[in-house]
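This briefing goes through a structure by topic, moving from whole chains to single elements. Please keep the sequence and the coordinates at hand while reading.

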Amino acid sequence: MKQTVQMDKIQASMRRGVITLEGFLGTDTRKLVDILIDDDAEVRRLGMSHEAIARRMLELKQAGEAGLGEFVTVGEQLEVKVDAVRGKLPCPFGDPGIFGKVNTTVRNKKTKKEVTYTDLHIHMIWAHGFYEGKGSRFRLEPAELIDILEVKTDE
Amino acid sequence: MLNELFQAVGILSAISAVLSLLMVIADRTIANYGEVTITINDEKKLTVQGGSTLLSTLMSEEIFIPSACGGRGSCGFCKVRVLEGAGDTLPTELPHLSEEERRNSIRLSCQLKIKKDMKIEIPEELFNVKQFRGVVARIRDLTYDIKEITIRLLEPAEISFKAGQYVQLETPEYELADEPVYRAYSVSSAPSRKDLVELEIRRVPNGICTTYVHDYLKEGDAVTLNGPYGEFYLRDSTRRIVFIAGGSGNAPIKSILSDMAEKKIGRKALYFFGARTAKDLFLQEEMKAFEEQLSDFTYIPALSEPVEEDNWGGETGLITDVIDRRLDTGEETEAYLCGSPGMIAACIKVLTAKGIPEERIYYDKFA
């Protein structure tokens with residue numbers, strides 16, 4: 001697949017200091033299209049879909065909201081906290097609407113691992129299969145997400 | 001062949017240099033908008049050099065509009081009403097403006113360049129906002145993820161604010177930030193302590209400012225902040241007060257309680273504070289002390305998932321359940337909430353069901 005002019009524009013808006021101070025690409029020098037293709041392949045290799053991952057992220061965020069800002073136990077292994085800071089972010093892909101800086105932190109008691117993601121992450125994974133570039137502090141590794149969040153396949 | 005290549009590169013470089021020079025000259029001449037006048041609230045007139053954004057121009061005139069993203073057009077905080085002198089709404093503003101805001105000429109001041117005389121409207125209280133330099137007098141751990149930062153003000157040496165308002169703290173350039181960034185934090189100290197500002201800052205995973213505060217900031221460090229901002233303060237009435245908070249949402253409530261104690265405001269008040277386990281509770285003695293200092297105040301901490309070693313004998317359950325149990329009626333009551341959007345929404349549901357009208361529920365929602 002070739003990177004389109006539109007994707008060039010999107011990639012430019014993902015650079016440091018355009019929408020956010022650190023941007024969405026980290027130290028990744030690949031073209032956006034290659035980042036998307038590589039993560040898509042990784043997700044498929046793991047037998048998952050972006051929708052299934054994003055759906056689980058949303059499901060846990062909604063369950064965690066019951067904790068009203070503190071960790072709450074969800075199921076047997078997971079602890080979830082949903083907290084927010086002031087500010088809003090637009091989607092770098094140019095989708096309508098803005099996303100509050102709502103952070104969902106999920107701790108897996110079995111694996112003793114933790115991951116934090118935002119509402120914008122859920123949207124970007126669901127709508128674009130974008131997990132941020134390598135080296136970005138906010139990048140979410142698909143394999144880690146699947147492991148920590150205990151994502152099940154679509155079936 | 002090689003010579004021709006070098007020649008071509010040389011010519012291209014020369015053309016680029018000339019074009020760059022022309023761009024600089026054009027920027028200084030063609031794009032020179034000269035002096036323009038900004039009329040604020042039909043009263044104050046500023047004569048400024050055109051060409052910069054409205055946000056940065058006002059800041060250079062010491063008028064601070066709240067902004068959390070440093071003028072990138074991503075936080076949507078720096079809204080002002082522009083009555084004259086602005087062109088069409090820019091594509092970068094659109095995601096942040098509702099239909100109604102666009103109809104009311106609301107614009108993002110960080111995106112709007114001043115090219116001609118302009119008439120704007122801003123809230124009067126923003127004239128009280130100043131930039132302060134100070135020094136970190138004390139840092140103490142309130143919990144494993146919340147720190148209390150006490151800043152002694154140097155210049156100006158005093159701040160005037162209403163209990164419940166917030167300031168914007170500057171994070172300077174450091175390992176994770178290649179330029180200064182501002183983030184908003186509620187003041188937890190009493191307004192009577194004009195010489196200092198106390199903040200309660202909870203670590204946000206990967207947060208630029210909270211990482212700086214938790215891992216880099218030391219006692220004795222110089223800091224810059226601006227403020228005060230916000231509409232979250234105690235309304236003047238005789239109604240019973242219900243405060244609800246969790247985590248660092250305690251900060252503005254503590255400031256309001258201190259102010260009430262000093263002013264001997266004797267209104268009946270209840271403070272519901274939600275935490276998960278005992279290790280998430282903090283300033284318990286200070287909060288209990290308000291029960292002595294205020295004539296009719298009750299502090300009600302509640303743990304949602306207490307563990308055995310907590311030996312907890314107090315209220316348990318989600319704070320919304322506790323409010324539902326402990327609040328008899330919402331009659332002649334007003335509520336003050338500080339926390340995440342989810343917590344605010346859940347509490348509003350319970351409070352309105354108790355009979356508190358929504359217009360009497362005041363909140364400091366973080367997003």
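Predicted model: local features only at pLDDT ≥ 70, side-chain atom pairs only at ≥ 80, totals over all residues.

A residue is taken as buried if 20 or more other C-beta atoms, placed from the backbone, lie within 10 Å of its own. By that criterion, helix α4 (residues 119-128) of chain A is mostly covered, with 7 of its 10 residues buried.

**Helix α4 of chain A**
- The buried residues of α4(A) are A:Asp119, A:Leu120, A:His121, A:Ile122, A:His123, A:Met124 and A:Ile125.
- These buried residues pack against α3 (50-64), β2 (78-90), β3 (98-108) and β4 (113-118) of chain A.
- After α4(A) comes A:Gly129, which has a positive phi, near 65 degrees.

**Chain B as a whole**
- The secondary structure of chain B amounts to 8 helices and 17 strands, and its C-alpha trace spans about 85 × 50 × 40 Å along the principal axes.
- Chain B has 367 residues, of which 41% count as buried.
- Among the contacts in chain B with a separation of 6 or more, 69% are made by residues 24 or more positions apart.

**Domains of chain B**
- The domain assignment divides chain B into domain 1 (35-126), domain 2 (129-229) and domain 3 (240-365).
- Between domain 2 and domain 3 of chain B, the C-alpha centres lie 24 Å apart, and the contact takes 17 residues from domain 2 of chain B and 16 residues from domain 3 of chain B.
- On the side of domain 2 of chain B that touches domain 3 of chain B, strand β10 (residues 196-202) of chain B gives the most, with 4 residues.
- The residues of that side of domain 2 of chain B comprise 9 nonpolar, 6 polar and 2 charged.

**An open sheet in chain B**
- In chain B, 6 strands form an open sheet in the order β9-β8-β11-β6-β7-β10, with antiparallel pairing.
- The edge strands of the sheet are β9 and β10 of chain B, each of which pairs on one side only.
- Direction ignored, neighbouring strands of this sheet are turned by 40 degrees against each other on average.
- Helix α4 (residues 208-215) of chain B lies across β7 (146-155), β8, β9 and β10 of chain B, and runs at about 75 degrees to β8(B).

**Strand β9 of chain B**
- Strand β8 (residues 166-171) of chain B pairs with β9(B) in the antiparallel sense over 6 bridges, and the bridge partner of B:Tyr166 in β9(B) is B:Ser186.
- In a regular strand the side chains alternate between the two faces of the sheet.
- From β9(B), B:Val181, B:Arg183 and B:Tyr185 point one way while B:Tyr182, B:Ala184 and B:Ser186 point the other way, and all are buried.
- Because 6 of the 6 residues of β9(B) are buried, this strand is largely enclosed by the rest of the structure.

**The contact between chains A and B**
- The contact takes 35 residues from chain B and 33 residues from chain A.
- On the side of chain B that touches chain A, at least two residues each are supplied by β9 (181-186), β13 (269-275), α7 (319-326) and α8 (341-353) of chain B.
- To that side of chain B, α8(B) gives the most, with 4 residues.
- By residue class, the side of chain B that touches chain A divides into 18 nonpolar, 13 polar and 4 charged residues.

Note on methods. Residues numbered from 1 in each chain as written. Chains lettered and ligands numbered in written order. Contact = placed C-beta atoms within 7 Å. Nonpolar A, V, L, I, M, F, W, Y, C, P; charged D, E, K, R; others polar. Domains from an automatic or database assignment. Buried ≥ 20, exposed ≤ 12 C-beta atoms within 10 Å, placed from the backbone. Pairing = 2+ DSSP bridges. Axes fitted to C-alpha atoms, helices over the stretch in contact; angles between N-to-C directions.
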